[in-house]
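Let's take a friendly walk through the strands and charged pairs of this model. Have the structure open and follow along.

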There are 2 protein chains.
Amino acid sequence: MAVNGSKKKKSGQGIPGPTNPMVTPMLTDQYQFTMAYTYWKAGKHQERAVFDLYFRKNPFGGEYTVFAGLEECVRFVANYKLNEEDIDYIKNNLSVSCEDGFLDYLRRIDCSDVEVYAIPEGSVVFPKVPLLRIEGPIAVVQLLETPFVNLINFASLVSTNAARHRFVAGKTKTLLEFGLRRAQGPDGGVGASKYSYIGGFDATSNVAAGMLFGIPLRGTHSHAFVSSFMNLDEIKDKSLRKKDGSSTCKDFVSLVQSWLRKIERSNSLHGNFAETNQSELAAFTSYALAFPHNFLALVDTYDVMRSGIPNFCAVALALSDLGYKAIGIRLDSGDLAYLSCEVRKLFCSIEKEFGLPGFGKMSITASNDLNEETLDALNKQGHEIDAYGIGTYLVTCYAQAALGVVFKLVEINNKPRIKISEAVSKVTIPCKKRIYRLYGKDGYALVDILTGENEPSPKVGERILCRHPFEESKRAYVVPRKVEELLRCYCAGSSDKKEEILPPLKDIRERCIKQLEQMRSDHMRRLNPTPYKVSVSAKLYDFIHFLWLNEAPVGELR
Amino acid sequence: MAVNGSKKKKSGQGIPGPTNPMVTPMLTDQYQFTMAYTYWKAGKHQERAVFDLYFRKNPFGGEYTVFAGLEECVRFVANYKLNEEDIDYIKNNLSVSCEDGFLDYLRRIDCSDVEVYAIPEGSVVFPKVPLLRIEGPIAVVQLLETPFVNLINFASLVSTNAARHRFVAGKTKTLLEFGLRRAQGPDGGVGASKYSYIGGFDATSNVAAGMLFGIPLRGTHSHAFVSSFMNLDEIKDKSLRKKDGSSTCKDFVSLVQSWLRKIERSNSLHGNFAETNQSELAAFTSYALAFPHNFLALVDTYDVMRSGIPNFCAVALALSDLGYKAIGIRLDSGDLAYLSCEVRKLFCSIEKEFGLPGFGKMSITASNDLNEETLDALNKQGHEIDAYGIGTYLVTCYAQAALGVVFKLVEINNKPRIKISEAVSKVTIPCKKRIYRLYGKDGYALVDILTGENEPSPKVGERILCRHPFEESKRAYVVPRKVEELLRCYCAGSSDKKEEILPPLKDIRERCIKQLEQMRSDHMRRLNPTPYKVSVSAKLYDFIHFLWLNEAPVGELR
């Protein structure tokens, strides 16, 4: 830590601050400051501590999690600094007995002596495995706990949720994140857009997220837009230039109307289009005049099959006359499976009737409170949907609104620490550790193994015993075909380690998609998935249990 | 709207921007911009539109909702302005055919011509009642939809969740919001702190929220803090000045140890304290040396009754010798009802044994995944808990992670609009409306009634017919003893209406607590609460159904 300017700041040069300017050293729990003060009072604040950040249980009843949020943590650490306003607030709110020396100490701290090791963002990860290992002066690392857990918790949760939606939807569908309005606050929305993209979504409706992260944007119009129009007389400028620029259609409105009449009169379409809604027709026509290159209409404001679809087709056919290809429609209510099939049939009939190749293949987007279950149900019913717009259930992680990420002390001054608990699942795995992923002969990951920092690493072709950390009888020999060390250095602190470069968002997304594809299918299935194994080395196993017995009081039944 | 500078900006003078700097005009859905462009292309962008913001169903299976988030909306509107970077991004991402004139238009817009009417923040509200009515040029108001819904949705949800937790906990308990680390992103945490406070919580652990909003802070220490100590030898500075400053105890550590021996030897305490954990004792002693005025210890790192409590008592008794009064303990695991009773008994025994008045009344705080159900269960079991620290379930609104707030067009160019739907619950109530809350003779609110803007208002002592908006047979005469108009003007736009002053957070909280107390208990109970009635005037009823029939296509069964 650059106290007294005695050490040159090395980490974080040129790394921008967190995306949300509200992520400052004050975004932490009060008890981090009371503890920091106590450490400082006791002269313990510079003691070197090692904390692990991990979760205990995969979310959504699944057996995998996508790790996300790392970049924001690194950006936070790289720019960690309290300002005078912060110090003033702490002075007035910590305690009447708070000494000025502590405030001076706070003024001087940064994270230049903090080391952060992490699994790369976008990786598939499992319970009990440290996603991050943070080493540094205990007072400083303690202050990082809350923001780190906050930044990882929701990010990993929503990436995982997105990955699960992708898994059910299938690779060929387009997935659109539409959740900003229902998200838990402004950056609940922005975060959801970013982390849904990492988890495999294709685009977002959130303009801020598009601008911040370069995520592709999607959006058409709302029901209010449709009902804000009265009739076609409202449209003043009716001209539309042909796509090839060769000439201009003077009255696009009449062209639309003539197509609507053709559709209505056609016997082969078997429609009942006698009274399509004129507000809707005016809205679609106006929208096409504004966006002839990407005309996509919401067709359920009045009645999908009797108004929305014929109105849409009339506009799409008129556009086609001028060389433009409409994109398709969005359904936001009703029986999506049934309606999508009916719409597809009609599109195909029009393709045939009017000799328009490709009209039948126009895109059908569905929205309206979709989630994993509804996607699964749609698949079972059969449908003709090409793209899903998913909001509330995705961005708020409605099925499970939080991931239980924890941040636990595993070593201080080179002495391993354990936190015991009556619930075995809450006992921590002590020591500064390394983590390896061992792969089998078919290329799939077999098991993650945690070892002490100084143990020899597992080697390809060499048999190694992998033990369940807490259950004596669960153990297996593995001969790995490939060994991957998972923790990499993202902040070197005052060590001379090489820091990883933060990859662009697209690379994180690609890593995630690739890792998910490489998972064995029994870990991925929605119903009764097989747990992926997380183990410890024989040496670490023995040490955990030695320490545990040492710390736990012997009970006495009375 | 101050297009061409022809109108002097009036609203929003001196109102600061939104708390989160990420809340900008870009925090909206892409389709708001595509619609704005289409309106502009069609020359419709200045048409005066009226939108209602409301929700359809109370959250958490209850029959009431606390309205929150208004201040952030007003701050957003008062500072609405796109910058050149925003314009550039829109230019490059909206459409190849986007005309420069539209970008010029975007450059010039602000909300000086937008009127915002709202129910005061902190009010108890009900489904279908407009919480906000927004009037202005359709293109601008449309752009506000997403941020408004985002800002109200989570705010109201979490305030309601907090109010529900308060209802179960009872008025006398202290409620602490401890959720930052598990919240959905950084300002999911900050927002949860603010809106939990409005809903009746007393304090937060979130330092940023304390600093931003003046919410009282609470916090002690973690399990990691306890296990970061090895033993009492670590404590170098053992001196502690008496509270009255009269002298200094040179060896506070020895004083603690001597008290621990007294506790251990006492027959009347019936304890089994032979081996309290020394890490824990060192941690507590250090904490007391740093915070002698507010010593509160987490006692469950090793074993509550056999280590944590005797260690705590030894330190508290030593502090007492020096004139300090310890605050109490926190339990974060185990059977909270049982442990709290055991702890209380021991505190009382110590009070008696050592003649220390007040020792038995020390505060017992409980945490560990608490929610409405666990609070209810604790009440049924009987317990001695004084304060609850509530995190995950409160701040993520785990029981229901989103409120379905919507934003619907009800009028354009003075023409009422309706959005029909096969689901009656989704049909909108058209027209620019007024809302009144009618009170009965016992002082309780009886019914909310929506009327057309120009209808005469309900009068005290005069009988008025209140009709269910959609169910013909549900109607009742009411003779109100008090009539309260709910919508007030927060942004006057270019009208000459008087704007409400934004009240301080404390006043919002007080309004909320008072309104909740004034609710009839059958609306508030957790099991099968009675729905509060929301009605429309006879005139509005007739108009809704006239418009509905007019817009809905007549079905044809084939």
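A residue counts as buried here when its relative accessible area is under 20%, as exposed when it is over 50%, and as partly exposed in between. At 4% relative accessibility, Arg437(A) is therefore buried. Please keep in mind that this is a predicted model.

Side chains of opposite charge can pair when their charged atoms come close. Over all chains, the count comes to 74 salt bridges.

| Pair | Closest N to O |
|---|---|
| Asp448(A) and Arg437(A) | 2.8 Å |
| Arg133(A) and Glu135(A) | 3.0 Å |

Let's begin with the salt bridge between Asp448(A) and Arg437(A). Asp448(A) sits in strand E17 (residues 445-452) of chain A and Arg437(A) in strand E16 (residues 433-439) of chain A, so this pair ties together parts that are 11 residues apart in sequence. Asp448(A) is buried, with a relative accessible area of 0%.

As for the remaining pair, both Arg133(A) and Glu135(A) are buried. They also take part in a network of salt bridges that links them with Lys432(A), Arg434(A), Glu453(A) and Glu485(A).

**Strand E14 of chain A and its partners**

Strand E14 (residues 405-412) of chain A has 8 of its 8 residues buried, so it is largely enclosed by the rest of the structure. Strand E1 (residues 48-55) of chain A runs antiparallel to E14(A) and is joined to it by 7 bridges. Within this pairing, Tyr54(A) stands opposite Val406(A).

E14(A) also pairs in the antiparallel sense with strand E15 (residues 415-416) of chain A, over 2 bridges. Here Ile412(A) has Lys415(A) as its bridge partner. The two strands form a hairpin with 2 residues between them, and Asn413(A) in the turn has a positive phi of about 50°.

**A parallel sheet in chain A**

Chain A also has an open sheet of 6 strands with parallel pairing, in the order E7-E6-E13-E12-E11-E10. At its edges stand strand E7 (203-204) and strand E10 (296-298), each with a single partner strand, so one side of each has no neighbour in the sheet. Inside the order, strand E6 (residues 174-177) of chain A is joined to strand E13 (residues 387-390) of chain A by 4 bridges. Glu177(A) has Ile390(A) in E13(A) as its bridge partner.

**An antiparallel sheet in chain B**

In chain B, 6 strands form an open sheet with antiparallel pairing, in the order E15-E14-E1-E5-E3-E21. Its edge strands, E15 (415-416) and E21 (488-491) of chain B, each pair on one side only. Strand E1 (residues 48-55) and strand E14 (residues 405-412) of chain B share 7 bridges, and Val50(B) is partnered with Glu411(B) in E14(B). Helix H5 (residues 138-169) of chain B packs on the sheet, where it touches E1, E3, E5 and E14 of chain B, and its direction makes about 155° with that of E5(B).

Technical notes. Residues are numbered from 1 along each chain as its sequence is written. Chains are lettered from A and ligands numbered from 1 in the order in which they are written. This is a predicted model: local features need pLDDT of at least 70, side-chain atom pairs count only at pLDDT 80 or more; totals for chains, interfaces and linings use all residues. Side-chain values use heavy atoms; hydrogens and water are left out. Two strands pair if DSSP finds at least two bridges between them. Contact means heavy atoms within 4.5 Å. Axes are lines fitted to C-alpha atoms, for helices over the stretch in contact, and angles run from 0 to 180 degrees between N-to-C directions. Buried means under 20% relative accessible area, exposed over 50%, partly exposed in between (1.4 Å probe, protein chains only). A salt bridge is a side-chain nitrogen of Lys or Arg within 4 Å of a carboxyl oxygen of Asp or Glu.
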